[in-house]
Amino acid sequence: MDCLFCSIARGEIPSTKVYEDDRVLAFRDIDPKAPFHAVVIPKEHIPSAAAITPENSAIVGHIYEVIAEIARQEKLDKGFRVVTNCGEEGGQTVGHLHFHLLAGRNLGWPPG
């Protein structure tokens with residue numbers, strides 16, 4: 001399997017880590033869309049949100065716990081946005097479940 005985020009999780013491709021434990025890695029996005037922009041991934045390969053099952057869904061809860069920890073650590077007190085894209089039409093460009101954590105500016109709606 002040739003997955004960019006799996007390679008980052010294994011340390012084969014360098015990243016600027018924000019958080020890491022045995023199940024999750026968070027790193028700064030190389031093309032940030034906000035002053036703070038991290039990507040949070042499960043280390044286990046899950047292709048997208050459409051591939052979440054009863055067997056692997058616990059990781060999503062853990063990822064949100066990690067997001068809350070990163071928000072505290074980075075002092076994102078004014079708020080933040082969490083985005084996950086699913087599939088080509090949903091804007092997913094890497095075939096590995098991931099969550100964008102954005103903060104540091106007004107993130108109005110619709111996203112822009």
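**Sheet, packing helix and a buried aspartate**

Strand β4 and strand β5, the latter spanning residues 99-103, pair in the antiparallel sense over three bridges. Within this pairing, V83 has H100 of β5 as its bridge partner. The model is a predicted one, and the two strands belong to an open sheet of five strands, in the order β1-β2-β3-β5-β4, with antiparallel pairing.

**Sheet edges and twist**
- β1 (17-20) and β4 (81-83) stand at the edges of the sheet, and because each has a single partner strand, one side of each is left without a neighbour in the sheet.
- From one strand to the next, the twist averages 20°.

**Helix on the sheet**
- Helix α2, which covers residues 58-73, packs on the sheet and touches β1, β2 (24-28), β3 (36-42), β4 and β5.
- The direction of α2 makes about 155° with that of β3.

**D21 in the β1-β2 loop**
- D21 lies in the loop between β1 and β2, where the residue is buried yet has no salt bridge.
- The nearest side chain of opposite charge is that of R23, at 5.2 Å, whereas a salt bridge would require a side-chain nitrogen of Lys or Arg within 4 Å of a carboxyl oxygen.
- The side chain of D21 does make a polar contact of 2.9 Å with the side chain of Y19, and the D21 side chain also reaches the backbone nitrogen of V24 at 2.7 Å.
- Leaving aside neighbours within four places in sequence, D21 is in contact with K43, H62 and V66.

Technical notes. Residues are numbered from 1 along each chain as its sequence is written. This is a predicted model: local features need pLDDT of at least 70, side-chain atom pairs count only at pLDDT 80 or more; totals for chains, interfaces and linings use all residues. Side-chain values use heavy atoms; hydrogens and water are left out. Two strands pair if DSSP finds at least two bridges between them. Helices (H or I, at least four residues) and strands (E, at least two) are DSSP runs, numbered from the N terminus. Axes are lines fitted to C-alpha atoms, for helices over the stretch in contact, and angles run from 0 to 180 degrees between N-to-C directions. Contact means heavy atoms within 4.5 Å. Buried means under 20% relative accessible area, exposed over 50%, partly exposed in between (1.4 Å probe, protein chains only). Lys and Arg count as positive and Asp and Glu as negative; His and the chain ends are not counted. A polar contact is a pair of N or O atoms within 3.5 Å; within protein, one must be able to donate a hydrogen and the other to accept it, and residues adjacent in sequence count only if both atoms are side-chain atoms.
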